[in-house]
Amino acid sequence: MKLFKRIKLLHFYYFVIPNIAIISIVFSFFYLIPPKEIHILSGPKGGFFSLVSEELKEELNKYSIQVRIDHTEYTTNIIERLNTKNGNRPHLGFLAQDISDEYYPNVYTLGAVAIEPLWVFTDVTRNIKDIRQLKGRSLAVGPKGSGVRRISERILKFYGIDETNTKFIDTQILDAEEALINRRIDAAFFLLPARTPIVKNLATRHTLKLLNISESEALSHFIDPLEHVIVPKGAFKISPLVPHTNVDVIALPVSIVVADNAGMGLGALVAAILKDKYPKQTFYSVDEDLPKFSYQGIKRLSAAEEIYQIGLPYLTEVFGLKYGLVLAYAFKPIVYIFVSTVLFIGVMNTYFNLVPIWSGIMALFSSKRP
């Protein structure tokens, strides 16, 4: 009877458990491969979120991943949409706002891919030299619920400027650009990286002026995660100089965020693309390595951290980027779990077999004592 039980135990340990482990690992591997179709929630067309979304779509298409991009003016709600447990929530989105008082347990950050200044362009004929002179003027500050609207209102409030004493115009990016060029408004606020066509177009127009915010360094300490950056003289054009002097501006880091339902495989693949496409911010007076983790109130994807710090794992050279990353970052923890389980059961099996033997030896020696 004991022999029969031992054979059953050995059969379970050496045949059943390994087969269950193999089947589970194969199933998990296919489960953790990035989805064939993903959903990106982006910002308005013409903005930086939209440009990055199109670049990600182009790159992911190379790995047979179809991408649907939805655009929204209410960019501050993007992370809320990703954080919900709704089955139709987006896989990827963007973050460029203060989240110090919020908690998003169902979202990971893949790091910041750009520094997005708050550009304040004014009509030169208005002779506006200081942000305080915007009081009582007509300002395009973006639609309500947008990132530019939220940060503009917070910055202007420090100077005593709000909707009670100044005309805030609710308009999207392209309309604000057109209204400023045609002198229907006094100034317009844009929250965009320097490389976007709109910023370059406005900065190089002789009828417009980029407003210097001399208190940018101080403001960066009042609002997290604002940064003070300097747009260097001649950044847009050397002859004639545009701008003709260094300009102090406030900026926000733009991070890519991924919902936890997207899977480690997709997150690692997008992180690898970001590392290749956005390696350094070179426009401002101080260069910054990108992607970087700027927002402290949101979980970092561990695979993204390793890719940025160490580089791509060797397995990507053998199996290609898509499958190599799945094996390296998604598949590896499952293998560890099963190997640990098998080893644990083996140790316990050995222990329970040794105990009776050890007890028998002790009893034998005890019986021989006088």
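Begin by selecting strand β1, residues 37–42, where 5 of the 6 residues are buried; here buried means under 20% relative accessible area, exposed means over 50%, and partly exposed lies in between, with a 1.4 Å probe and protein chains only. Helices (H or I, at least four residues) and strands (E, at least two) are DSSP runs, numbered from the N terminus. What you are looking at is a predicted model, in which local features need pLDDT of at least 70 and side-chain atom pairs count only at pLDDT 80 or more, while totals for chains, interfaces and linings use all residues. Residues are numbered from 1 along each chain as its sequence is written, and side-chain values use heavy atoms, with hydrogens and water left out.

Next, select G111, which lies in strand β4 and is buried, with a relative accessible area of 0%. Which residues does G111 touch, not counting those up to four places away in sequence? They are V254, S255, I256, P291, K292 and F293, where contact means heavy atoms within 4.5 Å. For P291, the C-alpha to C-alpha distance from G111 is 5.3 Å, although the two residues are 180 apart in sequence.

Move on to R149 in helix α4, residues 147–158. Is R149 buried or exposed? R149 is buried, with a relative accessible area of 3%. Its side chain reaches the backbone oxygen of G142 at 2.8 Å, a polar contact being a pair of N or O atoms within 3.5 Å; within protein, one must be able to donate a hydrogen and the other to accept it, and residues adjacent in sequence count only if both atoms are side-chain atoms. Leaving aside neighbours within four places in sequence, the residues in contact with R149 include P143, E163, F168 and D170.

Then select helix α5, residues 173–181, in which I173, A176, E177, A179 and L180 are buried. Seen down the axis of α5, these buried residues fall within an arc of 165°, so they line one face of the helix; the arc is that of the directions from the helix axis to the C-beta atoms. Among the elements that cover them are β4 (107–123), β7 (187–191) and α6 (197–203). At the start of α5, a side-chain oxygen of Q172 comes to within 3.2 Å of the backbone nitrogen of L174, and R183, which follows the helix, has a positive phi near 60°.

Finish with strand β9, residues 227–231, colouring its covered face, E227, V229 and V231, apart from its uncovered one, H228 and I230. In a regular strand the side chains alternate between the two faces of the sheet. Strand β10, residues 247–259, pairs with β9 in the antiparallel sense over 5 bridges, and V231 stands opposite V247 of β10.

Note on methods. Pairing = 2+ DSSP bridges.
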